[in-house]
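Visitor: Please show me the chain that we are going to discuss, and then let me ask about it step by step.

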Amino acid sequence: MSHFSLLTSHFYEMNDKQHTIKAPVTVSGIGLHTGVQATMTFCPAPINHGYKFQRIDLPGQPIVDADVDNVVDLSRGTTIEQNGARVNTVEHTLAALVGLQIDNVLIQLDGPEPPIMDGSSFEFIKPLQEIGLEEQNALRNYFEIPDEIRYVDNARAVELAALPLNSYRLTVMVDYNSPVLGSQHASLTHIDQFTSEIASSRTFCFLHELEALYKSNLIKGGDLSNAIVVVDRVVSDEELDDLATMLGKPKVAVKKEGILNNVDLRYKNEPARHKLLDLVGDLALVGRPLKGQILAARPGHAANVAFAKRIKKKMMEAHTSAVPSYDPAREPVMDINKIAATLPHRYPFLLIDKIIHLDANTVTGVKNVTMNEPFFPGHFPGNPVMPGVLQIEAMAQTGGILVLNTVPDPENYWTYFLGIENCRFRRMVKPGDTIIFKCDLTAPIKRGIAKMSGKAYVNGKVVMEAEMSASIVKKN
């Protein structure tokens, strides 16, 4: 990596909003391990869709979520399976999407494995860049590493760690005790550099692994155009002739750099850069964009996935217990104008100022309490306290946004508050407070009835909580 890129890395900012692609884009080729010709189409997807593969060649065209819990095989790449459908070697495809900061894509595949292309992610990056990205009106749901997360495999001398950082930075060290490769390092100081620094690094294997892979019925689609073969021992002419026959080539030779004569290295540390590429793709399986510093010594797919599971576990724990974070500098998902276009309420009864998070199951809203509220002159004059009933109303309006988000034309619906249970007021809310309301659906909406659990926070502490039900009704 250049000295200049290290110096300038801190000027980059990660995307605030979610992105998809402007139109479908297709690539075709042979799968590395299955040897099956496949066509893969990246399709635009809605907000909070994430990465999903669809096996359009199978009955019912089943969908496989790119999720670490769906990993079923790590013998030479990362394979996921769900709904009776399997997708092999997903890491290069996912790395391209993470590298471009694309959040929502449906990846349609008419075979069992994405095309290997040239063994890197660059042949996916190119068409995605050409078709262009489209910003979506939702904030990226980052998981910010809260404290150190570590994975160690002492038997293989493997260690991975994630540390808090307000960016996404990765450093990889590999050491194969090989006179050809030796010890190599690769770093990505900002995700924006993925395309120029990492994406074109190709997959590799050692000569001694090649025969074993063939005997294991793997790398059926591998040839000398999509992989670097590292020769880490003296090879006789007879062995080279046998190797040429195995690979279906008239002749192969060994270059002075210690690699077969199929390719020239794009970087001296190309293997280390490819290991970093694999790590980016495997960590995409946690299901959310990450902010943190990742340090990896001798990583591989098995360790990457085990590490990703630890990150996801921490992520799920944080989701169930964390207080919603609010950064006033971030552009909201909905400002007051968009809220007013969705809810029928008006002054003095429109009580929510911003929506800062919105997905299929959760909404987070913000209310800035000022001394100018119309209720303060008549509610405890001289000791201004926000009425509890209005806190409930503000929470109900926040929940109404969540319910209306489930229909394509919210302007044609009303939401009506039906009931409230287990309501508790924990602390007084006073002028100058900023209330964060968070509502979660507790069950799927049925027959227009939504059930929600809500909490209100001020300065990280719960001030009010309740369970609510609401009805969504189409206008005349």
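Predicted model: local features only at pLDDT ≥ 70, side-chain atom pairs only at ≥ 80, totals over all residues.

Visitor: What percentage of the residues is buried?
Guide: A residue is called buried under 20% relative accessible area, exposed over 50% and partly exposed in between, with a 1.4 Å probe and protein chains only. Of the 476 residues in the chain, the buried ones make up 53%.

Visitor: Which residues have the most contacts inside the largest nonpolar core, and which residues does the second core include?
Guide: A nonpolar core is a set of buried Ala, Val, Leu, Ile, Met, Phe, Trp, Tyr and Cys residues joined through side-chain atoms within 4.5 Å. The largest such core has 66 residues, and those with the most contacts inside it are Phe 42, Phe 53, Tyr 168, Phe 194, Leu 283, Phe 307 and Ile 311. A second, separate core has 42 residues, and it includes Ile 392, Cys 439, Leu 441 and Ile 472.

Visitor: Which elements do the buried residues of helix 3 pack against?
Guide: In helix 3, which covers residues 122-131, the buried residues are Phe 124, Ile 125, Pro 127 and Leu 128. Following this helix comes Gly 132, whose phi is positive, near 95°. The buried residues of helix 3 pack against strand 1 (17-21), strand 2 (25-30), strand 3 (37-44), helix 2 (91-99), strand 10 (133-139) and helix 4 (194-197).

Visitor: Is Thr 78 buried or exposed, and which side chain does its own side chain join in a polar contact?
Guide: Thr 78 lies in the loop between strand 6 (71-73) and strand 7 (79-82), and it counts as buried because its relative accessibility is 0%. Contact means heavy atoms within 4.5 Å, and beyond its neighbours within four places in sequence Thr 78 has contacts that include Val 71, Asp 282 and Val 305. A polar contact is a pair of N or O atoms within 3.5 Å; within protein, one must be able to donate a hydrogen and the other to accept it, and residues adjacent in sequence count only if both atoms are side-chain atoms. At 3.2 Å, the side chain joined to that of Thr 78 is the one of His 301.

Visitor: With which side chain does Thr 41 make a polar contact?
Guide: Thr 41 lies in strand 3, and at 14% relative accessibility it counts as buried. Its side chain makes a polar contact, 2.9 Å in length, with the side chain of Thr 26.

Visitor: What phi do Gln 61 and Arg 447 have?
Guide: Most residues other than glycine have a negative phi. Gln 61 is found in the loop between strand 4 (51-55) and strand 5 (63-65), and it counts as partly exposed at 39% relative accessibility. Arg 447, in the loop between strand 22 (434-441) and strand 23 (449-458), is exposed, with a relative accessible area of 83%. Neither residue is a glycine, yet phi is positive in both, about 45° for Gln 61 and near 50° for Arg 447.

Visitor: Which residues does a cis peptide bond join?
Guide: Most peptide bonds are trans. In the loop between helix 9 (336-342) and strand 19 (354-358), where Pro 348 has its place, there is a cis bond with omega of about 0°, and the residues that it joins are Tyr 347 and Pro 348.

Technical notes. Residues numbered from 1 in each chain as written. Heavy atoms only, no water. Helix = DSSP H or I, 4+ residues; strand = E, 2+ residues; numbered from the N terminus.
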